[in-house]
Amino acid sequence: MKHMNTFNLIASDYRANPRNWKGFLILVLYRLAHANLYTPAILKPLSVLYVVFYKLFTEIILGTEIHWRAQIGHSARIYHGYGLVVHFNSVIGNHVLLRHGVTIGEKETDGVFFAPVLGNNVNVGASAII
């Protein structure tokens with residue numbers, strides 16, 4: 001997956017989510033949390049605080065669990081988002097649409113996690129379990 005900076009990813013998500021403020025908000029919060037993977041060591045204490053805020057706000061208020069370590073490509077779309085769960089090892093391509101009630105999980109075998117990989121232009125229907 002080609003790396004884009006956080007602001008370009010947010011801009012692409014904005015264009016992909018016209019009039020969808022909740023989906024866009026979830027993606028902005030996720031993008032900022034995911035950017036903490038690249039935070040310099042001196043700023044790690046602040047980034048930990050943001051990740052805690054991200055988890056509390058998105059899980060308790062918005063009802064969405066997208067792990068901040070998951071990889072989501074540009075121009076993502078989230079419709080409704082309530083009950084959406086994305087595992088930390090998941091890799092999601094560009095131009096992907098995720099709806100409410102979707103679980104993108106993992107399987108553990110002998111201590112190794114195998115998480116789903118979704119390609120580009122995938123449309124995941126409501127309540128799908130992958």
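Among the elements of the protein chain, strand E8 (residues 107-109) has the lowest mean pLDDT, 73, while strand E6 (residues 97-99) has the highest, 98. These scores matter here since the model is predicted. Where pLDDT is low, the predicted coordinates should not be read in detail. The protein chain as a whole has a mean pLDDT of 93. In the chain, 98% of residues reach 70 or more.

Now turn to the aromatic rings. The whole structure holds three aromatic pairs. In one of them, the ring centres of Tyr50 and Phe53 are 5.7 Å apart and the planes meet at 50°, so the pair is tilted. Tyr50 and Phe53 are three residues apart in helix H3, about one helical turn. Phe53 also pairs with Phe57: their ring centres are 5.6 Å apart and their planes are at 20°, so this pair is stacked. Phe53 and Phe57 lie four residues apart in helix H3, again about one turn.

Helix H3 spans residues 44-61 and includes Ile60. Ile60 counts as exposed because its relative accessibility is 62%, and exposed means over 50%.

Three strands form an open, parallel sheet in the order E2-E5-E10. Strands E2 (71-72) and E10 (117-118) are the edges, each pairing on one side only. E2 pairs with strand E5 (residues 91-92) over two bridges. Here Gln71 stands opposite Val91 in E5.

Conventions: Residues numbered from 1 in each chain as written. Predicted model: local features only at pLDDT ≥ 70, side-chain atom pairs only at ≥ 80, totals over all residues. Heavy atoms only, no water. Pairing = 2+ DSSP bridges. pLDDT = per-residue confidence, 0-100. Buried < 20%, exposed > 50% of the residue type's maximum accessible area, 1.4 Å probe, protein only. Phe/Tyr/Trp six-rings, centres within 6.5 Å; stacked < 30°, edge-to-face > 60°.
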